[in-house]
Amino acid sequence: MLLIFKILTVTQGVKFTGASFAEVEATLNEMYKSGYVKMDNDPNTGAVTYHFHEL
């Protein structure tokens, strides 16, 4: 099954990939530095969210 998310948290990335928190966070941060995603905070939970603006 193919799942496409426009907004993703580190926890969701861990859940769907099985990778460690450190691996998912490092990958998402690299994508942020490269301009592939935008970073924000969820107003309700405060969790860091990564927005895939090209999807």
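1. Let's start with helix α2. This helix has 13 residues, and the distance from its first C-alpha to its last is 18 Å, close to the 18 Å expected at 1.5 Å a residue. Please keep in mind as you read on that this is a predicted model.

2. What comes after α2? The helix is followed by Gly 35, whose phi is positive, near 90°.

3. Next, look at how α2 (residues 21-33) sits against α1 (residues 10-17): their axes come within 9 Å and cross at roughly 120°. The crossing of the two helices, α1 and α2, is right-handed.

4. From α1 come Val 10, Thr 11, Gly 13, Val 14 and Thr 17, and they meet Phe 21, Val 24, Glu 25 and Leu 28 of α2. By type, the residues of this contact divide into five nonpolar, three polar and one charged.

5. Which residues make up the largest nonpolar core? There are eight: Leu 8, Val 10, Val 14, Val 24, Leu 28, Val 37, Tyr 50 and Phe 52. The elements giving two or more residues to this core are α1 and α2.

6. Leaving aside residues up to four places away in sequence, Tyr 50 touches Lys 6, Ile 7, Leu 8, Val 10, Glu 25, Leu 28, Asn 29, Val 37, Lys 38 and Met 39.

7. One of the partners of Tyr 50 is Lys 38, which lies in strand β2 (residues 38-41). Is Lys 38 buried or exposed? Lys 38 counts as exposed because its relative accessibility is 51%, and the cut-off for exposed is over 50%. Not counting residues up to four places away in sequence, Lys 38 touches Tyr 32, Thr 49, Tyr 50, His 51 and His 53. As for His 53, its C-alpha is 7.3 Å from that of Lys 38, although the two are 15 residues apart along the chain.

8. Finally, have a look at Thr 9, found in the loop between β1 (7-8) and α1. Thr 9 is buried, because its relative accessible area is 16% and buried means under 20%. Beyond residues up to four places away in sequence, Thr 9 touches Ala 47, Val 48 and Thr 49. Thr 49 is also among the residues that Lys 38 touches.

Methods: Residues numbered from 1 in each chain as written. Predicted model: local features only at pLDDT ≥ 70, side-chain atom pairs only at ≥ 80, totals over all residues. Heavy atoms only, no water. Axes fitted to C-alpha atoms, helices over the stretch in contact; angles between N-to-C directions. Helix = DSSP H or I, 4+ residues; strand = E, 2+ residues; numbered from the N terminus. Left-handed = near helix turned anticlockwise from the far one by under 90°. Contact = heavy atoms within 4.5 Å. Nonpolar A, V, L, I, M, F, W, Y, C, P; charged D, E, K, R; others polar. Expected span 1.5 Å × (residues − 1). Core = buried A, V, L, I, M, F, W, Y, C linked by side-chain atoms within 4.5 Å. Buried < 20%, exposed > 50% of the residue type's maximum accessible area, 1.4 Å probe, protein only.
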